[in-house]
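Please examine the sequence and the structure shown here. This report treats helix packing and salt bridges.

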Amino acid sequence: MGLARNPNLRSGDYLEGMLNDFVGGKTKSKPPKSPPARLVTMLTCLQFAFAIYATFLLYYLSPAIDLRTKPDFSWATKFAQNWRNLIIPTHVVSRYQDSSNSLVQETPAVAHFTPREVCENEKIDFQQKKSDDAVMIKLKRELYDEVLQFQSKSFGTETLPELMKMKSKWDLKGPHPNIPKVTVILNHFKRKTLCSQLESLLHQTLPFHHVWVIAFGSPNELSLKRIVDSYNDSRISFISSTYDFKYYGRFQMALQTEADLVYVLDDDMIPGRKMLQILSHVAGTEKYKNSVLGSIGRILPFRQKDFTFPSYRKVRSKEAGLYLPDPAYDITVGRIVEVDFLSSSWFLSAELVRTLFIEQPLTFMTGEDLHLRYVDAISYYQLQKYRNAGSYVLPVDPKDKETWGDSEHRLAYVSETTVIFKDIVQVRDDQWWKAFSTGYVTQWAKLYPQKVDALFYAHSLSEVKALAPLLEKFRSTVGKKTYIAVSGGGFCPCEDAAVALGWPKGVCRERRFKIFDLGIGAASSGVSDSEVPVIQGVYSSLKGLMRIHNPSVVVAVDDVDLSVRKALRMAAEGAGNGTTLVLLPRNSVGKALWMADLRPTALPNWNKMQISINIITQNRVHSLTRLLNSLSNAYYLGDHVPITFNMDTKVDASTIKFINSFNWTHGPKTLRRRIIQGGLIRAVSESWYPSSDNDFGLLLEDDIEVSPFYYLWIKYALLAYHYDPQVSLPELSSISLYTPRLVEVVKERPKWNATEFFKRIHPNTPYLHQLPCSWGAVFFPKQWKEFYVYMNMRFTEDAKKNPVQIPKSRTNGWQASWKKFLIDMMYLRGYVSLYPNFPNQASFSTNHMEPGAHISAKDNVVQHDKSDFEVPLLKEDFRNFLPGGKLPPASKLPSLNLFNQAVSLKGLKAAGAKLKQDVLQCEVTETVMVDHDTGLPSQCAKF
């Protein structure tokens, strides 16, 4: 059965009518009999008594009255309850009570007072603080001028008139005005400034969309509500709670807005009447559309001479940062200035508000005191971290207070002059340092960009332990700077990482660059299997740290979680400063300690080189097996290393089967087989051709064997002598793995010992030699292209017809040797190869001198003593033998001519030019220059 009633009828009237209808009934009346007088009197008394009772009964039967909350006066109350339940079911009463309450809430309250009657004004019984400390005034002014000058040069700082002339999305004066919706959130606790704020907002040159007055845990809740009610404006709402939502409460409310822009004001800010128009205009410009705007801000502390960062409250310290504007030091904001965070007011797009809640807040404790703003650093970190948003203090017109965001600055400034407890200061310092050490780029970082050699990242404690040897090598190397970042949280707690590195746990709390706890576990995803929060946290933090510290490389282990690897790669690519990601296998970390000896200019080229292995083989499967086993056991530092097998047409079946079954885990495997037998000269020279200037070819015949450290030697030498922009060594054309024991080009082939020869310099110094190596060497792309063209122009079947005849060289008679043509070119143009030099002539490769196309050739009349060619392989870290434990500077490398005589690089070129037998006729003071893209000779040029 449905019930309906007139909404304008009072609840009591409605129930009374319903009872009359129900009790009175609808039966036909009979003619009344004339009762006796006594009976009439009795009935009259009963009727009067019932009328009194009915009055109470009707009152308590009203659906608007909840009898459970009223005192039980007598049996009449219980009787009324029973009657009401009998007449109207409980669920109907509840429905009508809810409807009645809803009607009461939806109906605007009738104001019984005016704003003038309820408004109170904040008493400001003190003068603006002015400093008389000449030293501090000078320091603060100098710092402010320094910041402003830097920002002016970097991206420009506009005055207020200049800002208002900029084109804006929110154009209020054009032929087709685009007016934004602005929701203003007024956060109140104890101050008596609400009326002043509302009066200013109601008279803005740009009307607001809504004003939400919020009072969370405020002792003045009733008086604040009374003020809001007194304005009787549907656009102004009051929202309260006995629970204190602290700092984030105002921004949580901002998430609910349907407006375009949000203006959050604390109770110490009374904006001028032009502020909404100014703020909206600036927020609509292309330059500042992704920014947070305000009227008060702070620049965080700068680094001190002892490399620590002071507290923001440190007195008489320039490094303690800036508070802007700061009347105490006569610092006003005449141009828009970027700050590290804003205080007391925040103007931003509704879209940016959501960014504040991507990560879980570090702490809520600072919200208890509304003067404590330093948790803002975390908020602006989220905006910068995920949206690259900046925070700016707007300039003002000093002659027009209506352009001021804080028309009574004494209210806001009291927070800067109030005595603050030491533990609260510590909380604030922890807050901004947490943001800074996890990638928040402060004004100090922008003003003083850092440069470190390496930044290590460990996502787990085991990764910290794996990276520890290389980290320690960097830290112990003079002139090197390096830090480590750990994931933190449940992944890798900072204090545990410090202990694993042998550091005190206190380093995790120091305001000093050493170890960064990224707190990845604090991401607001909660318990989730999604990789997105991890990727987002690692990427954003590492990207910020890279922008601050500009590391040459970021180093991690190569088996790091795939989502983390993805984040690291994106951060390195997104930092935009040339940082290179280096992923090292755990078993190679200790073998790459020489990395710390490279210049920071060379380190970013770590991944540029592509070293390919090119094997020449035919029918020596036993020799090939030995070579491939040695290659498989070498350290490759996680690099991508392709391998190619070059087989002549007469290759045997066992060799082909073995190559097909061989598993190469460091890159692709390629097989090439000639249709027509080419011989050794073609097999070698055509085994590789570079695809780019970063493509290097390692040529190996199958009777070669290599050391486990051979690839480390190649990479170290390339980075030190070829990829370091501070090194100029254009004569270097190859890197040898082998140390010769003979002077190969002299007819007598005398024995030679490099260790003995260079003992006055250093017995184990590497050296430059004009002789190329055919028993394990890496050839450079530009010179190999050059060699291809040269050999094509000079190749003859008859060696006697070769126009190049090097004086006293036995190579003049070589015929079926590709090496003869390379020797000629290197001699004529002054090229050299880098050779190792270790005790007992231990090398990175050795030649086993097994029968083949060259050693057993019928026309090879030279008798070969195996002991003259087979050298021991290095089985330990070669750094221990190098001068000073590292490769010497290029300028310190000694150089030898073709006959193992000490000659300068210039002398080598002079000897080749003097011969005048190159493909171009050049003067004795000139050498042939080539087009390195094609290898073709182009001109003669003086050397």
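The model is predicted. Two packed helices are described by the angle between their axes and the distance between the axes. Helix H21 (residues 621-632) and helix H22 (residues 653-661) pack with their axes 9 Å apart, at an angle of about 20°. H21 is therefore roughly parallel to H22. The crossing of H21 over H22 is right-handed. From H21, the residues Val621, Leu624, Thr625 and Leu628 meet Ser654, Thr655, Phe658 and Ile659 of H22. Five residues of this contact are nonpolar, three are polar and none is charged.

Side chains of opposite charge can pair when their charged atoms come close. The count of salt bridges in this model comes to 36. Three of them are set out in the table.

| Salt bridge | N to O distance |
|---|---|
| aspartate 133 and arginine 316 | 2.5 Å |
| arginine 141 and aspartate 145 | 3.4 Å |
| aspartate 267 and arginine 191 | 3.4 Å |

Aspartate 133 lies in the loop between helix H5 and helix H6, and arginine 316 in the loop between strand E6 and strand E7, so this pair ties together parts that are 183 residues apart in sequence. Arginine 141 and aspartate 145 are four residues apart in helix H6, and therefore about one helical turn separates them. Arginine 141 is partly exposed, at 29% relative accessibility, and aspartate 145 is partly exposed at 37%. By contrast, aspartate 267 is buried, with a relative accessible area of 3%, and arginine 191 is buried at 13%.

Finally, a network of salt bridges links Arg620, Asp702 and Asp703.

Note on methods: Residues numbered from 1 in each chain as written. Predicted model: local features only at pLDDT ≥ 70, side-chain atom pairs only at ≥ 80, totals over all residues. Heavy atoms only, no water. Axes fitted to C-alpha atoms, helices over the stretch in contact; angles between N-to-C directions. Helix = DSSP H or I, 4+ residues; strand = E, 2+ residues; numbered from the N terminus. Parallel < 35°, antiparallel > 145°, perpendicular 65-115°, else oblique. Left-handed = near helix turned anticlockwise from the far one by under 90°. Contact = heavy atoms within 4.5 Å. Nonpolar A, V, L, I, M, F, W, Y, C, P; charged D, E, K, R; others polar. Salt bridge = Lys/Arg side-chain N within 4 Å of Asp/Glu carboxyl O. Buried < 20%, exposed > 50% of the residue type's maximum accessible area, 1.4 Å probe, protein only.
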